[in-house]
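Work through the exercises below with the structure open beside you, and try each task before reading its solution.

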Amino acid sequence: MEFVSGYRDEFLDFAALLFGWFRKFASERGTGVGGGNGPEGRSRLMEAQVRRLPPDPALWVLHILPNRSVGISLGQGAKQGPGPGLGAARLLGDEPPLCLRDLSPYVSFVSLEDGDEEEDGEEEGTGGEEGELEEEGEQATTSQEPIQDTETPGEPEDAEEEAGEDSSGGDTREDGEEEMGPEKRRGKRGDAAPLHLACLLLVTDEHGTILGIDLLMGGPQGSGVRATGAEGLAQRAYTLLCHSMVCPMGAGDPRRPRQLTVGDPQLHRELESLVPRLGVKLAKAPMRTWGPRPGFTFASLRARACHVCHRHSFEVKLMPCPQCGAVLYCGETCVWADWRRRPDDVSHRFWCPRLAVFMERAGELAALPFTYTAEVTSEMFNKEAFLASRGLTRGYWTQLSMLLPGPVAPGYLPGNGPPLSLLLSGDPYQLLQGDGPPLMPPLPPDPPRGPFGSWQDYYAWRGLGLDSPLAVLLTYPLTVYYVITHLVPQSFPELNIQNKQSLKIHVVEAGKEFDLIMVFWELSVLLPHVALELQFVGGALPPENDQQHFTLQRDGSGVSVRPGSGVSAHPGSGAKEKGSRRDLQIKVSARPYHLLQGPKPDLVIGFNSGFGLKDTWLSSLPRLQSLRVPAFFTESSEYSCVMDEQTMAGATGGGTSPPQPNPFRSPFRLRAADNCMPWYCNAFIFHLVYKPPQGSGIRPAPGPTPPVPAPTVPLVPARRRRGEKRPSRGGRRRRWLTWAICTCSDTATA
């Protein structure tokens, strides 16, 4: 697939952004971009350039973030691939990784357990106190969390790059891998000391936009923040400030702040004589600890990238395709390179009119009833700020943001699946809560009178206000509900699914939805007359959860869980409760779907599947073809649906139904770095159209609209009737003959 928006871990997009900016910064710092005779001449030219920049009324902050506990080890896999180590080709290339585990052969983290940690702690002893920014007009602010916890996601890839830069003397003009030298070789030995990122210099504004970053690699573990020397740190920080003003990483035009504060007393003193040269006012006192204003969050980085060369908007000016407006390019060279790609069906020449049609659906996808719709469907949507402003910083909400800590539970890591202990709480909605009052109201006294077809109808029945953000998490169970109550009866009426008392559903290639597993309890509320069994299947599921079985049953106002042996192999054969109450059975199979053994399901569902992004689909789709069960899938864009149809045709000879918008799609617009298309989780739904058995004489249903790339050979014309003249080959002559025949026929009739 050409576009991976919505499928790639946000952390990797964030790391690629940091990596790209740091590589540019390190290269220009080493080569002295800007001219001048010697370092002093280059510095004067840079200062003159900064002084001409327009002022920014926002306060800027220079953070110094020491690292005392995490080391970086390069794995043996670094010998292979497009280049040694983790270079630009890995993060920014034509085949970038989609998830963190794709990087595990190249880089890993190790704990730095050394006695020198105590010395580092003494050096930064003021960091645990409430700091104040003692400046006129500024409020005293405090910090509740250390910055190390917040910014850890940005360190691994960039640390490797800095290792190369520092060990070689400062130039990383290519990919930065060759310069790693001794540190990299030591990191390959299992018992050798890992690379140590001693300090991270970070420039932000008061709104949380990251504007620049620099990395200082230490020597021995615990060597301290100032391993490079005090004067070297001050000059390095000053150079970083200049580059952050001339080329801000996060967003916006080049600018200089009216005021700057520094998060380290000694560095603050050293910069007192340097910062005024830039026309910037330095705060009278340093910020002793990172004390941002209330409501401060790291803004989602809005920097975009060219679709072809992957250069970011802080490097070049980007423009969308003038015809479709969907794809971003940095100039005519990349436009023509994408337009003339081969084979033709991957070129922008082929896709441009189709993407233009997809862009027309942006308004329809953004038509949602929520009070916050305009904010969350904007291209500039700041997801982290939205979550933080509403106190959505714990539980399942942490799965939506890369800048928040995971749920507080021993052994729980996002992406590794929840431990069974989290499911034994008795409150299925506990992990849906934020920091404020409960978000989920009590259960309605009466079951639904009819199937819901929109968020507005469901919210009204459930007692939710349209300002509730729960739709972002409930999109998964409500999509399953919509498939059962609307789509299966429309497409497969012979199954009579609405009258079934039990349903066995396979959730194939499960990923993020498994990390939100308790939200599926809402299905038992919406379908109280049905005994449901959900079996999550996929090779990306945590191996430690393989073959886990448990049953959730309503127990008064809570939910009881029966693990292991209490689960029946067939949902309809288990012990049923009195009245209309039923249970919800959960099974986990951490393996690709084509390797799954067991009874045939009633329904198969996949969320945001991306057939073209995983090789396992080439085996799983033929498996579904052999089972011939109703299989529905969601995608985050129409483009993905077309690519899925192509994959289905190539793997089985079948096709897919025309995709239709999912009324229960997530309201959050997904970030797209290299395009402007509208992407939403579970935006569209389609079902598989299986190739008919041999000898049946039935042709498969047509694929989605717009069609897949046109065939490379002309279509075979229909058989001519006896006595009908053979049409001539010339296009103009063929049209003339048609006109002549029609004219003669009209004359004869007259």
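This is a predicted model: local features need pLDDT of at least 70, side-chain atom pairs count only at pLDDT 80 or more; totals for chains, interfaces and linings use all residues.

**Exercise 1.** Compare the span of helix H17 with that of a straight helix, and locate its kink.

*Solution.* Begin with the length: H17 covers residues 471-491, which makes 21 residues, and a straight helix at 1.5 Å a residue would reach 30 Å. Next, take the end C-alpha atoms of H17, which are only 26 Å apart and therefore short of that value. Then look along the helix for a bend, and you will find a kink of about 40° centred on valine 483.

**Exercise 2.** Determine where the two partners of the salt bridge between glutamate 28 and lysine 24 lie.

*Solution.* The side chains of these residues, glutamate 28 and lysine 24, meet at 2.7 Å, N to O. Both belong to helix H1 (residues 10-31), where they are 4 residues apart, about one turn of the helix. An α-helix has 3.6 residues a turn, so residues three or four places apart point the same way.

**Exercise 3.** Explain which parts of the chain arginine 255 and aspartate 56 tie together.

*Solution.* First, note that the closest N and O atoms of this salt bridge, between arginine 255 and aspartate 56, are 2.9 Å apart. Arginine 255 lies in the loop between helix H8 and strand E6, whereas aspartate 56 lies in strand E1, so the pair ties together parts that are 199 residues apart in sequence. Lastly, check burial, for which the relative accessible area must be under 20%: arginine 255, at 14%, is buried, and aspartate 56, at 9%, is buried as well.

Terms used: Residues are numbered from 1 along each chain as its sequence is written. Side-chain values use heavy atoms; hydrogens and water are left out. Helices (H or I, at least four residues) and strands (E, at least two) are DSSP runs, numbered from the N terminus. The bend at a residue is the angle between axes fitted to the seven residues ending there and the seven starting there. A salt bridge is a side-chain nitrogen of Lys or Arg within 4 Å of a carboxyl oxygen of Asp or Glu. Buried means under 20% relative accessible area, exposed over 50%, partly exposed in between (1.4 Å probe, protein chains only).
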